[in-house]
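Work through the exercises below with the sequence and the model open. Each task is followed by a solution in steps.

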Amino acid sequence: MKVTVTSSGLNELAVTLESAADDAVPEGRKVVSKGALNIKNDWRRRWSGSPHAPALPYAIGYDIRTAGTLVSAEIGPDKAKRQGALGNLYEFGSVNNAPRPGGAPALAAESPRFVAALEKLAVDLLED
């Protein structure tokens, strides 16, 4: 038995995929940056108003890193900033202090929006 397959449009598909690949990292960085900003702001809001650590919310920041095709964000209190070293104690608690989670709930709240933004990015990259 002999099977013959004819295809058309493969060159156009290759061009579309190459274009998407060229834009994926810079556009992905924008999505990761927006998600990190949203998490930072939510985390700050959750920790605001504490009379014992009024500066702690302002110690929360984020860094974006790109390595090849990997874009990542690190979000949390900066220990070098005023009261930033209290971050672990606030988030996870201690023997004498109950936890006051801010990062974990902020991440959970942002997660569906982040996934939706990545899905939209994938569609947009392939439609252009």
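**Exercise 1.** In which helix do arginine 46 and aspartate 42 both lie, and how many residues apart are they?

Solution. Start with the ground rules. Residues are numbered from 1 along each chain as its sequence is written, and side-chain values use heavy atoms, with hydrogens and water left out. The model is predicted: local features need pLDDT of at least 70, side-chain atom pairs count only at pLDDT 80 or more, and totals for chains, interfaces and linings use all residues.

Step 1: locate the pair. Arginine 46 and aspartate 42 both belong to helix 1 (residues 10-47), and they are four residues apart, about one turn of the helix. Helices here are DSSP runs of H or I with at least four residues, strands are runs of E with at least two, and both are numbered from the N terminus.

Step 2: check the pairing. The two residues form a salt bridge, with the closest N and O atoms 2.9 Å apart. The term requires a side-chain nitrogen of Lys or Arg within 4 Å of a carboxyl oxygen of Asp or Glu.

Step 3: compare exposure. Buried means under 20% relative accessible area, exposed over 50%, and partly exposed in between (1.4 Å probe, protein chains only). Arginine 46 counts as partly exposed because its relative accessibility is 28%. Aspartate 42 has 11%, so it counts as buried.

Step 4: widen the view. Asp42, Arg45 and Arg46 are linked in a network of salt bridges.

**Exercise 2.** Find how many salt bridges the rule gives, and describe the one between arginine 113 and glutamate 110.

Solution. Step 1: the count comes to six salt bridges.

Step 1: in the bridge between arginine 113 and glutamate 110, the closest N and O atoms are 2.8 Å apart. Both residues sit in helix 3 (residues 103-127), three residues apart, about one turn of the helix.

Step 2: Arginine 113 has a relative accessible area of 47%, so it is partly exposed. Glutamate 110 is buried because its value is 4%.

Step 3: Glutamate 74 pairs with arginine 65 in a salt bridge, the closest N and O atoms being 3.2 Å apart. Glutamate 74 is partly exposed because its relative accessibility is 48%, and arginine 65 is partly exposed because its own is 43%.

**Exercise 3.** Describe the surroundings of glutamate 91: which side chain of opposite charge is nearest, and which backbone nitrogen lies 2.9 Å from a polar atom of its side chain?

Solution. Step 1: glutamate 91 is in helix 2 (residues 87-92).

Step 1: look for a charged partner. Glutamate 91 is buried yet has no salt bridge, and the nearest side chain of opposite charge, that of arginine 46, is 8.5 Å away. For charge, Lys and Arg count as positive and Asp and Glu as negative, while His and the chain ends are not counted.

Step 2: look at the backbone. The nitrogen in question is that of glycine 103.

Step 3: list the neighbours. Leaving out residues up to four places away in sequence, glutamate 91 touches residues including Trp43, Trp47, Arg100 and Gly103. A contact here means heavy atoms within 4.5 Å.

**Exercise 4.** Describe the overall form of the chain, and then how many Å separate the C-alpha atoms of serine 19 and leucine 125.

Solution. Step 1: the chain has three helices and two strands, which run α-β-β-α-α from the N terminus on. The radius of gyration (over C-alpha atoms) is 22 Å, well over the 14 Å from the globule rule for 128 residues (2.2 Å times the number of residues to the power 0.38), so the chain is more spread out than a compact globule.

Step 1: the C-alpha trace spans about 75 × 30 × 20 Å along its principal axes. Buried residues make up 25% of the 128.

Step 2: serine 19 lies in helix 1.

Conventions:
A polar contact is a pair of N or O atoms within 3.5 Å; within protein, one must be able to donate a hydrogen and the other to accept it, and residues adjacent in sequence count only if both atoms are side-chain atoms.
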